[in-house]
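Welcome, and please take a moment to look over the model below. We will walk through it together, one region at a time.

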Amino acid sequence: MADIKIGLIGAGTVGSGVVKIMAKQTTFFREQLGLPVSLARVADKDLEKLKTLPVGDAILSNDAADVINDPEINVVIELIGGYTFAKEVVLNALKKGKHVITVHFEAAVGGGMPSIKTIREAMIGNDVLSVYTIINGTCNYILTEMTEKGAAFDPTLKEAQRLGFAEANPALDIEGGDTGHKTAIIASLIYDGYCDYDKVPVRGITEITADDIISAKDLGYTIKLLGVIKRKEGEESVDVRVNPVMVHNDHILASVNGVFNAVLLEGDAVGPILLYGAGAGEMPTASAVVSDIIDVARNIKSGDTNRIPMHFYSLENELKIKGIEEIESRFYLRFLVDDKPGVLADIAEEFGDRNISIASVMHKEAHDGNDHVPVIITTDMAIEKDLRDAVAAIEAKAFTHGKTQIIHIED
Ligand code: HSE
């Protein structure tokens with residue numbers, strides 16, 4: 001069998017990890033697996049940095065075109081990042097008939113955790129009933145620190161940036177976009193349809209306060225940013241969303257802390273599966289990229305590039321995503337109200353009128369001459385639209401101040 005020559009474009013953090021793993025494992029891949037792979041070219045604009053990697057200088061280049069135009073290269077790995085030059089590289093490589101890793105994308109969801117392979121291969125005999133993900137290390141780190149130290153969001157973010165756990169521009173992480181992208185990919189895979197990210201309700205962690213963290217603790221919950229995917233039997237629409245959730249302390253996801261990621265899948269045959277691991281970083285992410293290299297090499301060896309088809313590219317089968325009029329959940333609410341007779345009764349009436357059952361009420365005493373007090377309510381299962389209507393009616397009353405906090409609850 002002819003050599004399978006790999007060209008890597010972009011040798012930043014992840015790309016460097018790929019070079020290191022290939023340097024260590026290529027003999028095993030060739031001799032034990034019978035896959036004649038070799039890293040044939042590596043391109044990055046920083047040639048000096050390339051020279052520090054465990055690979056011969058002869059294959060290094062500072063020009064991506066040297067990889068794409070090399071007729072001997074069968075597989076291109078794009079690890080440039082961003083949307084513009086990376087897209088150009090991918091399209092040019094595809095036009096030249098090359099396999100592209102990025103189009104194979106294990107590393108895109110959960111870094112080192114094999115979430116895509118687990119869904120597409122290991123769980124193929126299951127209907128996947130639900131997926132709950134903690135899939136953004138930045139958010140999980142910030143929420144863990146706030147929980148452990150009782151700190152507010154802003155200083156915790158600043159400290160995370162200082163320590164290198166959060167990006168200088170953290171918007172994509174803390175506003176939930178990154179979790180949303182990954183959740184949309186998983187939903188597409190599970191339901192063999194196209195999950196349009198723009199239709200996924202996404203809320204990040206920027207509005208979570210130290211008070212919410214304390215209330216969650218008092219109630220026996222931990223706040224996590226979750227990507228949620230679930231569909232009830234017989235229903236056409238899917239509950240796909242990203243939002244902060246109060247997870248009961250007994251829930252397995254409550255103990256996923258720091259920068260770690262987790263994907264909790266439930267299959268009808270296998271039951272629950274928990275993937276837990278590093279969702280980012282040089283070697284974990286490179287581990288996922290190398291698993292794609294081996295997939296592609298196996299495809300080439302078997303002569304079948306469509307061994308495990310990607311149905312979800314079809315725009316024809318678009319998933320119908322539930323809106324708030326269909327989403328059902330338990331909820332945590334924190335109102336700020338005047339401390340005077342009749343307030344609680346008025347609040348309770350708005351819930352009762354909408355058939356929403358209150359599960360618990362915490363009403364803290366006023367201190368330091370402050371007449372505004374927090375009232376914390378948890379509900380039983382309710383339709384989110386009804387819940388938001390009740391909150392809007394309560395916020396319209398003169399005794400309510402500021403914006404009400406609303407957080408989903410998972411037991
Ligand atoms: N920024 C992501 C995180 C990793 O914080 O987990 C890359 O997707």
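A residue counts as buried when its relative accessible area is under 20%, as exposed when it is over 50%, and as partly exposed in between (1.4 Å probe, protein chains only). What you see is a predicted model, in which local features need pLDDT of at least 70, side-chain atom pairs count only at pLDDT 80 or more, and totals for chains, interfaces and linings use all residues. Residues are numbered from 1 along each chain as its sequence is written, and side-chain values use heavy atoms, with hydrogens and water left out.

Let us begin with two loop residues. T102 sits in the loop between β5 (99-101) and α5; helices (H or I, at least four residues) and strands (E, at least two) are DSSP runs, numbered from the N terminus. Although T102 is not a glycine, its phi is positive, at about 140 degrees. With 33% relative accessibility, T102 counts as partly exposed. D192, in the loop between α9 and α10, also has a positive phi without being a glycine, here about 50 degrees. Its relative accessibility is 39%, so D192 counts as partly exposed.

Now for the interior. A nonpolar core is a set of buried Ala, Val, Leu, Ile, Met, Phe, Trp, Tyr and Cys residues joined through side-chain atoms within 4.5 Å. The largest such core has 27 residues, and I6, V18, M22, V42, I77 and I293 have the most contacts inside it. At least two residues come from each of β1 (4-9), α1 (13-31), β2 (37-43), β4 (73-78) and α11 (282-302). Of these, α11 gives the most, with 7 residues. There is also a second, separate core of 25 residues, which includes M113, V128, L189 and I321.

Finally, let us see how some helices meet. Two packed helices are described by the angle between their axes and the distance between the axes. Axes are lines fitted to C-alpha atoms, for helices over the stretch in contact, and angles run from 0 to 180 degrees between N-to-C directions. Helix α6 (residues 137-149) packs on helix α10 (residues 210-219) at about 70 degrees, with the axes 9 Å apart. That makes α6 roughly perpendicular to α10; angles under 35 degrees count as roughly parallel, over 145 as roughly antiparallel, 65 to 115 as roughly perpendicular and the rest as oblique. L143, M146 and T147 of α6 meet A210, I213 and K217 of α10.

How do helix α12 (residues 343-353) and helix α13 (residues 384-395) cross, and within what distance do their axes come? The angle is roughly 150 degrees, and the axes come within 9 Å. The helices α12 and α13 are therefore roughly antiparallel to each other. Here I347, E350 and F351 of α12 touch L387, A390, A393 and I394 of α13.

Terms used: Contact = heavy atoms within 4.5 Å.
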